[in-house]
Amino acid sequence: MKMEWPNYKHFSPIVIQDIAADDTELMAEVIKEFIKCIPIYLGELDAAIREQDFSQIKFVAHKLKGSSRFIGAEALASLLQQMEISADQPTEVHNIPGYLAQVHLVIPPLLEEVNEFYGVLTR
Amino acid sequence: MENINWTRDALDFLLGLHPLKKDKDFAHIYARSMELFIKYAHAHAAALIRLEDKVTAKVWYRTEESFLTSPLQPEKLRTWALGDRIIWEDGMFFLPIYENGFCGGIQLLPKGTLAEDPGFLGFLNVAWTGLKEVTYLVQSYYIIDELKARFNTILETIPQGVVFIDEAGKNGWLNSNAARILTLESGENHPTAISTAMQSLRNMAVNKEDIAKEGARFFSTPGQSIRGWKWIFGDPVHTVLSVSCSPLQSAQTKGRLWVFTDDTFHHLATVQLNELNAELEEKRKLADEQNKAKSDFLANMSHEIRTPMNGVIGMTSLLSHTKLDEEQKEYVDIIRISGESLVSIINDILDFSKIESGKMELEELPFFVNTVIEETYDLLSVKANEKGLDLLYFVEPDVPAEINGDITRLRQVLINLVSNGIKFTSNGEIFIHVINKGLDAEGEYTLEFSVKDTGLGIPENKFYKLFESFSQVDSSTTRKFGGTGLGLAICQRLVRLMGGDIRVESTLGQGSSFIFQVKVHANRKIKQFEPKASPDLEDLKGKRVLVIDDNTTNLRILKSQCEMWGMEAQVFNNYADALKVLKSTSFDLAILDMVMPDKDGVEVGQLIKGTYPHLPLVLFTSSGGLSRSHANTTGLFAAVQNKPIKHAQIYRTIQEVLTKRVKAAPTSTEPDVRKTDHIPLHILIAEDIPINQKLLSRSLQKLGYTPDLANNGREALNAMARKQYHLIFMDVMMPEMDGLEATRIILDTYPRGQRPIIIATTANALSDDRDIVLAAGMDDYISKPYKIQDIADKLEKWQRQIFETHENGMAEL
């Protein structure tokens, strides 16, 4: 079913609409969960990188990547994929802080858009 | 009076008493003492008085018949007797005597004025001492005589033979029983005679060598005692003496006391008991060996039979998914059905053997009462649908929701009973009703389950056969309906293991009820893996619902259920009456059954919608969704529910409809992911991320399933221990235990055919990752993000295999 959504740069409402099979209520629930989980995952990533716990970095990056893909946030998902791969290769781990920095840059505007979308869904 | 030499008289008196001490005749002693006393006291008369008790005094001896004939005064005399001085009163002396049990005294009538003579008084004191001594002696003799008589009586009365021989070898004595045993005279016997008699007796014993050995050991140590020394006579044994011998010392006499006890009865009883015990021990060993052999056989056979059977059934299932022509499909179906029947028969026999040999142990884990009934119905719904039978249930509100017990075995009983009900019912319904029969002091509930059908019924004179093993009510039914005749026997034994019993009530032509009780504790710690919304009864309170169904049992259940949720329900078994009421009463919702006489649910729905377009309608149907011929009626119903109807689902549906959270009915422009071949599956989602849980869970709910949730691999394994799942969506990366580890444990724990299909959900779609999950033993994978259609495709791919495999697996329960 065709629904009209505002234009967003950092995620795709069509993806979540497709996955939720046009169930706007489910879409709203998923968006709400995503908004809730972001600060938790970021906190875990920060801590894992500080402690150089590469298996934990890989784990958290993998989880957040999956959640990002469900809402079509491909840019964020791509960054997390790179982080996940680097955490698994000792010669690449030095790239991780850089990826984390980029994640911190991408997330605020993404969250702003996602919050606005949540408002649209629940109007 | 002339001068009396009192000192000489006192001495003469005492000398006169002396010979009496050797006299054994008490009466003579007293008489002679009194005569001497009178003579040397120069008195008129004297009397010996004894106080029998506090109120009785008797004259034992008087020197003159006329002396002291008037009644005595016991009280006064007692006081005197207990005193320690000679009394002078009324012209008489009283010499008190209190010696060795004798209480009394001597009353003396002196001559003339002797009472004033000091010499006389001195004489009296000396004589008094002598008299007291004599009394003491006489009493002693008396006591000894009495004791002698008493012990003689005892020794003659007891059944034992008693022998005493003194150490010096001079004296021996035996009672009459000993005399009989030793063939001697009772009483005094010379020790030599007694010893000779004992020796003869020992030589007659059949165990004389043992006796001699024991005797030698005994006599070798002085001062020893021996007890329970068996002397056995006769072959066959007719007498057994238990002999004891102990050293004895009495005053200056040392000797040995022998006691012979007739132990014949006890000995023979012991011998018999020992023989019985030995026999029992042999039998017990044999039984143990047989039991072990049986258990080993059971275990081996269970494995040996099930392994190839699973192979046959599994291969048949795989074969059925290949390209086959019609003839080949038919042959494969026959093989499959025959294999399934064989597995069912084998499972019954093995189960029965296990129960009979006492090897069946029940689990004690929490489960929901509703769940076990719904799972039973899920399994049998296809068979019920084929015959157009309704599967209904109602659990009374006072039955605890979650109980501790063995869900597998309880389900087995219900499957058996419901399956029989379906088998023997051509039309109508199967209705399970659960009631709380009471709670005891230990917090144990007695729950009564009744499984009622509207089938053939059973003649009362056949009731007794029902629960016998290998018995059918009518042997001709075996040919028509099949069966081993073990199902009900197994049910009965399982129910008894659960603390209850089972009975049947039936009316020919109307149907039967199988009623059983179980004893369970309620589970106070309710754990749920399913993300149930907490029931918000405010949404339903006061709402009016109209129900139309030709099945009166279902009407009753729905009415009770709606009223429990605070709704007002009006129920009708025909549409005409319902339409009449609609004219005068407004309703918030109408529930219609699909299959009804005259007009079906869709036609009735169209009639209602024509007049009341805003009344939401819910349809209960036996087939998944609506059939193609009714496709144009989509949009008519706010929701369509598949039977068997689960109460939690009814609640959710009604709540969603009434709060207008209605999902858009699928139209022809949208993909209809609802499958018409909806086979009920138990699905578990093992996923730690809330977004993923929500998406997968809701997608499955849209497809008509109600999955359970686990947050990691460990929780997934715990869930599997409590419930049998057909399919698990298993995330690979999870905290605590990941999906690969959980899969490895599942493969190790559950044999093929009894474990769920495992579909990996992975965010990595690379071929390496796919290979990893398949190599770990998972059956399939689905990449995130997945759409509902992806999930539906996976279910369609696996559900036929799941159903076939797990029907066999469930039948193994």
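Trainee: Is Asp780(B) buried or exposed, and what makes it so?

Mentor: This is a predicted model, so every value here is computed from it. Asp780(B) has a relative accessible area of 5%. Buried means under 20%. So Asp780(B) is buried.

Trainee: What partner does Asp780(B) have in a salt bridge?

Mentor: Lys797(B). The closest N and O atoms are 3.0 Å apart. The cut-off is within 4 Å, so the pair counts as a salt bridge.

Trainee: Where do Lys797(B) and Asp780(B) lie in the chain?

Mentor: Lys797(B) is in helix 23 (residues 788–811) of chain B, and Asp780(B) is in strand 28 (residues 780–783) of chain B. They are 17 residues apart, and the pair links distant parts of the chain.

Trainee: What makes Glu568(B) and Arg544(B) a salt bridge?

Mentor: Their closest N and O atoms are 3.4 Å apart. That is within 4 Å, so the term applies. Glu568(B) lies in strand 20 (residues 568–572) of chain B and Arg544(B) in strand 19 (residues 544–548) of chain B, so the pair ties together parts that are 24 residues apart in sequence.

Trainee: Why is Glu568(B) called partly exposed?

Mentor: Its relative accessibility is 44%.

Trainee: Why are helix 20 and helix 21 of chain B called roughly parallel?

Mentor: Helix 20 (residues 713–722) and helix 21 (residues 739–749) of chain B have axes that cross at roughly 30°. Angles under 35 degrees count as roughly parallel. Therefore these two helices of chain B are roughly parallel to each other. Their axes come within 8 Å, and helix 20 of chain B passes helix 21 of chain B in a right-handed crossing.

Trainee: What makes the phi of His42(B) worth a mention?

Mentor: Phi is near 55°, a positive value in a residue other than glycine. His42(B) sits in the loop between helix 2 (26–41) and strand 1 (43–53) of chain B. At 25% relative accessible area, His42(B) is partly exposed.

Trainee: Is Leu68(B) buried or exposed?

Mentor: Buried. Its relative accessibility is 15%, and the cut-off is under 20%, so the label holds. Leu68(B) also has a positive phi, about 55°, although it is not a glycine. Its place is the loop between strand 2 (56–62) and helix 3 (74–82) of chain B.

Trainee: Which residues form the nonpolar patch with Ile143(B)?

Mentor: Tyr142(B), Leu147(B), Phe151(B) and Ile154(B). Together with Ile143(B), they have about 430 Å² of accessible area on the surface. Ile143(B) is in helix 4 (residues 118–157) of chain B.

Note on methods. Residues numbered from 1 in each chain as written. Chains lettered and ligands numbered in written order. Predicted model: local features only at pLDDT ≥ 70, side-chain atom pairs only at ≥ 80, totals over all residues. Heavy atoms only, no water. Patch = residues over 30% accessible without salt bridge, like charges linked within 9 Å, V, L, I, M, F, W, Y side chains within 5 Å. Areas by Shrake-Rupley, 256 points an atom, 1.4 Å probe, with all protein chains shown as cover. Salt bridge = Lys/Arg side-chain N within 4 Å of Asp/Glu carboxyl O. Helix = DSSP H or I, 4+ residues; strand = E, 2+ residues; numbered from the N terminus. Axes fitted to C-alpha atoms, helices over the stretch in contact; angles between N-to-C directions. Parallel < 35°, antiparallel > 145°, perpendicular 65-115°, else oblique. Left-handed = near helix turned anticlockwise from the far one by under 90°. Buried < 20%, exposed > 50% of the residue type's maximum accessible area, 1.4 Å probe, protein only.
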